[in-house]
Amino acid sequence: MSEPMLALAGVHTHIGQYHILQGVDLVVPRGELTVLLGRNGAGKTTTLRTIMGLWHASRGALLFDGNDVTRAATPDISCAGIAYVPENMGIFSDLTVRENLLLAARAGEPDTARLEWIFGFFPALKKFWNQAAGTLSGGQKQMLAIARAIVEPRKLLLVDEPTKGLAPAIIQSLITAFRELKAMETTILLVEQNFSFVKSLGDTVAVMDDGRIVHSGRMDELAEDRELQQKLLGLSLDTHQ
Amino acid sequence: MTTTTPTATADAELPRLRLDTPPLLVLPILALLALPLVGSFPTWVTLTVAGLAMGMMIFIMASGLTLVFGLMDVLNFGHGAFVSVGAFTATLVLLPMQGWMQADSVLLNLSALGLAIALAMLVTGALGWAFERIIVMPVYGQHLKQILITMGGMIVAEQMIHVVWGPDQIPLPLPTSFRGVILVGDAAVEKYRLIAVAVGLVVFAAMFLVLNRTKVGLLIRAGVENGEMVEALGYRIRRLFVGVFVAGSALAGLGGVLWGLYKETLTATMGGDIMVLVFIVIIIGGLGSVGGCFIGALLVALVANYTGFLAPKIALVSNILLMVAILLWRPQGLYPVAKR
Ligand SMILES: Nc1ncnc2c1ncn2[C@@H]1O[C@H](COP(=O)(O)OP(=O)(O)OP(=O)(O)O)[C@@H](O)[C@H]1O
Ligand SMILES: [Mg+2]
């Protein structure tokens with residue numbers, strides 16, 4: 001195996017006086033989609049924020065593409081090649097769809113061919129191109145948030161619970177988008193609670209609880225092993241969708 | 001508010017247009033209401049132009065401050081220092097160039113004034129840069145300390161003005177061609193007020209273009225809404241902030257020159273004195289909103305001028321009353337800025 005795109009080794013994160021991540025070991029292999037599962041409050045968002053440098057690890061190390069980014073500042077981490085779709089989507093509601101994407105394209109104007117490719121699975125973005133992003137529906141905002149992360153190719157994509165609160169029709173277009181990204185061998189770390197959504201998308205899976213990784217392995221193994229699912233995820237996750 | 005709606009369908013109905021008109025209507029309504037109260041049309045024209053001129057100058061002084069707050073939550077109570085320093089710096093050019101200022105030539109008048117404004121903005125911009133580094137940077141994220149230390153910075157700046165220019169008021173006469181009035185029908189309108197309105201409109205238009213048509217401007221607006229996300233896209237919010245701080249300080253310097261010429265006398269505390277109005281304006285406008293700041297400045301100044309004429313006794317509290325009324329209507333100000 002080649003060196004992983006991202007590796008967290010014994011990462012601890014404190015938020016104020018709270019000890020949230022308590023030694024996270026996580027490996028995101030190159031060119032694969034890694035799913036991070038876990039119940040509410042397990043520390044999934046905190047893990048992504050720590051990777052982005054929005055919180056800093058108090059102990060442990062983060063290695064991205066062979067470089068130590070444990071102490072790096074958020075803009076540097078971003079420029080090193082990590083794109084981030086936060087849990088609240090982080091849309092600039094005052095700016096139009098076009099302007100949101102313009103800011104995400106660091107090389108200047110977004111590439112037209114790539115935009116057309118994105119419009120292929122998120123047609124709403126084309127339709128509302130010059131409209132303030134704040135006026136989009138929740139699903140359209142999620143599409144914009146993901147489009148912003150992929151408008152230029154990046155080495156690693158972090159996506160935090162993209163299906164949260166969305167109707168099945170939109171979840172379907174998200175699945176299409178992730179399949180397209182997988183076809184291009186994009187490396188993705190996808191946080192989810194909706195197991196049925198990620199069951200067929202994930203290559204590898206990690207399950208988190210109480211600030212630690214409690215299981216990691218291949219997704220197909222977990223998908224087949226009902227007993228393990230039961231043990232790790234409980235029923236609530238499976239019926240979540 | 002435009003927070004996320006948790007449930008949604010694919011291409012839901014086309015959402016409402018973003019331009020929020022009611023605050024825009026307040027200005028003409030206020031002016032029209034004042035007309036019968038004032039009674040005489042020429043007086044009303046004079047008062048309205050005076051209000052617009054004052055409003056434009058306050059806008060120029062306030063616009064930077066509202067972005068400084070919006071972008072990094074920094075409360076700068078020392079902003080008035082840039083107003084005073086700008087006005088005093090202008091005298092370095094204008095007093096030695098009295099010849100050009102008093103000459104009967106628009107060109108010479110404008111050249112002297114242009115030079116004075118350029119120097120004032122350069123000095124206040126540089127001062128802003130130093131102020132940000134030395135005074136503001138160490139207290140990022142700590143509001144109480146920001147208030148105390150920026151007020152301290154202003155006191156130091158005022159004392160420095162005393163040291164350089166002495167403790168007395170300094171007269172700053174208008175250039176010849178800007179003096180006097182223009183008759184519009186029966187109404188007498190001071191020329192300088194029209195010039196102040198024109199400069200204010202130019203500054204507003206320039207800011208509008210920068211904030212809407214350039215990438216830096218878009219980043220500033222994005223940063224006011226969600227600075228963390230701007231950083232996650234790979235941009236340094238602090239660099240933006242320093243730029244905004246310097247530009248805002250230079251604009252305050254420009255406002256100081258205009259304000260000084262308007263009053264025709266300078267005092268070291270002139271910036272601090274106007275700050276009360278400036279803070280009312282940015283609160284009314286919605287912290288972080290340049291458009292709101294513009295409308296708010298015009299509102300505050302018009303109300304001040306109308307009440308000054310109609311009921312001088314309540315003129316002093318009229319702006320506070322205006323602020324209370326606006327905040328009862330829109331608790332976040334006229335144009336609330338969406339915050340993450
Ligand atoms: N800013 C904060 N201050 C204090 N505690 C926090 C903060 N953010 C998160 N936490 C705590 O950290 C723990 C992990 O939170 P985190 O958001 O990472 O969980 P999560 O797995 O993403 O949950 P969810 O599925 O609900 O999004 C929770 O107990 C939460 O209360
Ligand atoms: Mg979360």
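A residue counts as near a molecule or strand if one of its heavy atoms lies within 4 Å of it. Keep that cut-off in mind for the first stop.

This is a predicted model, in which local features need pLDDT of at least 70, side-chain atom pairs count only at pLDDT 80 or more, and totals for chains, interfaces and linings use all residues. Residues are numbered from 1 along each chain as its sequence is written, chains are lettered from A and ligands numbered from 1 in the order in which they are written, and side-chain values use heavy atoms, with hydrogens and water left out.

**Stop 1: ligand 1**

Select ligand 1 and the residues around it. There are 15 of them, and A:Gly41, A:Lys44, A:Thr45, A:Thr46 and A:Glu87 come nearest. By class, the shell holds 5 nonpolar, 6 polar and 4 charged residues. Here Ala, Val, Leu, Ile, Met, Phe, Trp, Tyr, Cys and Pro are nonpolar, Asp, Glu, Lys and Arg are charged, and the others, Gly among them, are polar.

Which helix gives the most to this shell? Select α1(A): it supplies 3 residues. In chain A, β2 (18-28) and α1 (44-51) each supply at least two. Helices (H or I, at least four residues) and strands (E, at least two) are DSSP runs, numbered from the N terminus.

Now look for polar contacts, meaning pairs of N or O atoms within 3.5 Å. Within protein, one atom must be able to donate a hydrogen and the other to accept it, and residues adjacent in sequence count only if both atoms are side-chain atoms. Show the side chain of A:Glu87: one of its N or O atoms is 2.6 Å from an oxygen atom of ligand 1. For the side chain of A:Lys44, the distance to a ligand oxygen is 2.8 Å. Taken alone, ligand 1 exposes 630 Å², and the protein buries 63% of that. (Areas come from the Shrake-Rupley method with a 1.4 Å probe; for residues, only the protein chains shown count as cover.)

**Stop 2: ring pairs**

The whole structure has 18 aromatic pairs over all chains. Rings of Phe, Tyr and Trp (its six-membered ring) pair if their centres lie within 6.5 Å; planes under 30 degrees apart are stacked, over 60 edge-to-face, and the rest tilted.

Select A:Phe178 and A:Phe197. This pair is edge-to-face, 6.2 Å centre to centre, with 75° between the planes. A:Phe178 is in helix α7 (residues 168-183) and A:Phe197 in helix α8 (residues 195-199), 19 residues apart. Both are buried, which means under 20% relative accessible area; exposed is over 50%, and partly exposed lies in between (1.4 Å probe, protein chains only).

Switch to chain B. B:Phe82 and B:Phe245 are edge-to-face too, 6.2 Å centre to centre and 90° between the planes. The pair joins helix α3 (residues 80-94) to helix α9 (residues 237-263), 163 residues apart.

**Stop 3**

Select B:Val242, in helix α9. Is this residue buried or exposed? B:Val242 is buried, at 15% relative accessible area. Its C-alpha is 7.0 Å from that of B:Trp129, 113 residues apart along the chain.

Finish at B:Pro171, in strand β1 (residues 170-171). B:Pro171 is exposed, at 54%. B:Thr265 is 94 residues apart from B:Pro171 in sequence, yet 4.3 Å apart in space, C-alpha to C-alpha.
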